[in-house]
Amino acid sequence: MVRAVKNDMAKLFSSYHIYLCILTWGGIYTFSCWKYLSELFYIGSLTNSLQTVFDSTIVLYCFLACVIGGSFLYCAEQKHRYLQFEIQRIGLKTYTRSKLCVSYIGGFLVVLAGVVLTILLVYLLFYRGMGASEVWGSMMDIQTFAWNILGKCMMCGMLSVMGYLTAVFYSNFYVAMTVPIIAYYALLAIYGFISVPKSFQFQQVYLYMDSRGKLLYACLYSLCLLVVFYKIAVYQTQRRLEHA
C-alpha cells in the first residue's frame, strides 16, 4: 500500500496538471485581491483581506482546480490502456485505496499551495515593509483564517476524490472534472428543499470549521465518505475489468 501510494504520488507530481492548477489558482486569487484592495482604497490585515476574497469570489475555479490537479491519474491510465497491468501487479483493493488517497492529497495540496502562493504574492504587492501586526492582524484573525483554509482544503480533497469516483464510471477528463462540481451545487439545492441537520451537510462540515472538535468531526465525516467511495470504486472497477 505504501509503495503504491509513493508511485502514484510520483505520477501526480510528474504531471504538469497539478503545477498549472496551483499557479493559476494563485494568479487568479492574487488578481482578485489586487482588484478588491485597489477598488476599496483600503488595506486591512492580510488575513482579513484574503478571507474576504476567498469567501466571495471565483469559488467555482477553486473546485475545478482541485479536481483537475488531484484526480486525473485514473483517466490517464485508462487512456494509455495499462489499467489492467497495474491492477494485476498490486491488486484491485490496494490500487483503489492508493488512488483514493492520492486523489485526496492532490486536491488538498492544490488549494494549500495556491493559498501559500497567493499570500506571498499579495504580501509582496501590498504589505511589504509593514509591521507584523499590520500584516497579519490579531491572533484571532490568524486562527480564523487558518481554520477556514484547512476546512476548504479538506473539502476540495473530497471533491477531488469524487472526480476519481466519476472517472471510475466514465473515464473522460471533462466528465470527471465537472460532475463533482454539479454534485456539490445539486446538494446545496437539495438542502434548500429538504431539512437536513447542519452537522450532516457537506459544506457545513468543512467551511465552518473553528475548533479541534469540528476538525475531528470533519475527519470522521471524510473517513466515512471515503469508505463508501472505496466500496463503490472497487465494485465498479471489478465490473469494468470483467467486461473489458
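Which residues are exposed on the other side of helix 6? They are Phe85, Gln88 and Arg89, where exposed means over 50% relative accessible area, buried under 20% and partly exposed in between (1.4 Å probe, protein chains only). Before going further, please note that this is a predicted model, in which local features need pLDDT of at least 70, side-chain atom pairs count only at pLDDT 80 or more, and totals for chains, interfaces and linings use all residues. Residues are numbered from 1 along each chain as its sequence is written, and side-chain values use heavy atoms, with hydrogens and water left out.

**Overall build**
- The protein chain holds 12 helices and 0 strands; helices (H or I, at least four residues) and strands (E, at least two) are DSSP runs, numbered from the N terminus.
- Its radius of gyration is 19 Å, close to the 18 Å that the globule rule gives for 244 residues, so the chain is as compact as a globular protein of that length. This radius is taken over C-alpha atoms, and the globule rule is 2.2 Å times the number of residues to the power 0.38.
- Along the principal axes, the C-alpha atoms of the protein chain fill a box of roughly 60 × 45 × 30 Å.
- Of the 244 residues, 44% count as buried.

**Helix 6**
- Leu83, Glu86 and Ile87 are buried in helix 6 (residues 83-90).
- Seen down the axis of helix 6, the buried residues fall within an arc of 95°, so they line one face of the helix; the arc is that of the directions from the helix axis to the C-beta atoms.
- An α-helix has 3.6 residues a turn, so residues three or four places apart point the same way.

**Helix 7**
- Helix 7 (residues 92-127) has 36 residues and reaches 51 Å from its first C-alpha to its last, close to the 52 Å expected at 1.5 Å a residue. That expected span is 1.5 Å times one less than the number of residues.
- Val102 is found in helix 7 and counts as buried, at 0% relative accessibility.
- Val102 and Glu86 are 16 residues apart in sequence and 15 Å apart in space, C-alpha to C-alpha.
- Just after helix 7, Gly129 takes a positive phi of about 90°.

**A nonpolar patch**
- Phe169, Tyr170, Val228 and Ile232 make a nonpolar surface patch of about 380 Å².
- Val228 lies in helix 12 (residues 212-242) and is partly exposed, with a relative accessible area of 44%.
- Accessible areas come from the Shrake-Rupley method with a 1.4 Å probe, and for residues only the protein chains shown count as cover.

Key: Patches are made of residues with over 30% relative accessible area and no salt bridge: like charges are joined within 9 Å, nonpolar side chains (Val, Leu, Ile, Met, Phe, Trp, Tyr) within 5 Å. A salt bridge is a side-chain nitrogen of Lys or Arg within 4 Å of a carboxyl oxygen of Asp or Glu.
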